[in-house]
Amino acid sequence: MATRKTQAKAEPGEGFVYAVRIEVIQGFSLLKIGATTAPYERFLNFGNRASLFCLSPPHKNFFENESILHECFSSYRIPRGPAHKGTAELFNISMTYFLESMPELELKK
């Protein structure tokens with residue numbers, strides 16, 4: 001995954017997998033692993049709580065790769081609260097651990 005400050009562009013049908021540090025409460029942050037077709041806008045949605053945004057190149061199987069990463073780091077997943085359905089995309093890992101431990105992903109064009 002690359003780290004850049006430029007606005008990423010994707011072809012129709014392509015998207016990105018990302019990881020971003022989110023400050024949950026002052027002095028404590030979690031890693032959010034997600035997928036998006038608009039990474040610049042997605043990062044802006046996190047506001048000033050976000051830092052260390054990490055982004056894959058554009059590719060067609062971005063939702064599949066997001067699921068692979070969620071499974072890989074599932075033992076670090078933070079459970080979603082009782083008012084929400086499904087599972088959270090927040091993980092109690094550092095960005096360094098994420099980058100060093102993530103599996104090889106196939107980026108289909």
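Predicted model: local features only at pLDDT ≥ 70, side-chain atom pairs only at ≥ 80, totals over all residues.
Visitor: Which residues of helix α2 are buried?
Guide: Helix α2 covers residues 62-72, and its buried residues are Phe-62, Asn-65, Glu-66, Leu-69 and His-70.

Visitor: Where do they sit around the axis?
Guide: They are on the same side of α2, because they cover an arc of only 145 degrees around the axis.

Visitor: Why would spaced-out residues point the same way?
Guide: An α-helix has 3.6 residues a turn, so residues three or four places apart point the same way.

Visitor: And which residues are exposed on the other side of α2?
Guide: Phe-63 and Glu-71 are exposed there.

Visitor: What do the buried residues of α2 pack against?
Guide: They pack against strands β1, β2 (28-36) and β4 (90-91), and against helix α3 (95-101).

Visitor: New topic. How many aromatic pairs does the structure hold?
Guide: The structure holds seven. One of them is Tyr-76 with Tyr-97, an edge-to-face pair with 5.5 Å centre to centre and 65 degrees between the planes.

Visitor: What does that pair tie together?
Guide: Tyr-76 is in the loop between α2 and β4, and Tyr-97 is in helix α3, so the pair ties together parts 21 residues apart in sequence.

Visitor: Which residues do ring pairs link into a cluster?
Guide: Tyr-18, Phe-43, Phe-46 and Phe-53.

Visitor: Last one. Which residues form the nonpolar patch on the surface?
Guide: Val-24, Ile-25 and Phe-28 form the patch, with about 270 Å² of accessible area together. Ile-25 belongs to strand β1 (residues 16-25).

Visitor: Is Ile-25 buried or exposed?
Guide: Ile-25 is exposed, because its relative accessible area is 55% and the cut-off for exposed is over 50%.

Terms used: Residues numbered from 1 in each chain as written. Heavy atoms only, no water. Patch = residues over 30% accessible without salt bridge, like charges linked within 9 Å, V, L, I, M, F, W, Y side chains within 5 Å. Areas by Shrake-Rupley, 256 points an atom, 1.4 Å probe, with all protein chains shown as cover. Salt bridge = Lys/Arg side-chain N within 4 Å of Asp/Glu carboxyl O. Helix = DSSP H or I, 4+ residues; strand = E, 2+ residues; numbered from the N terminus. Buried < 20%, exposed > 50% of the residue type's maximum accessible area, 1.4 Å probe, protein only. Arc of directions from axis to C-beta. Contact = heavy atoms within 4.5 Å. Phe/Tyr/Trp six-rings, centres within 6.5 Å; stacked < 30°, edge-to-face > 60°.
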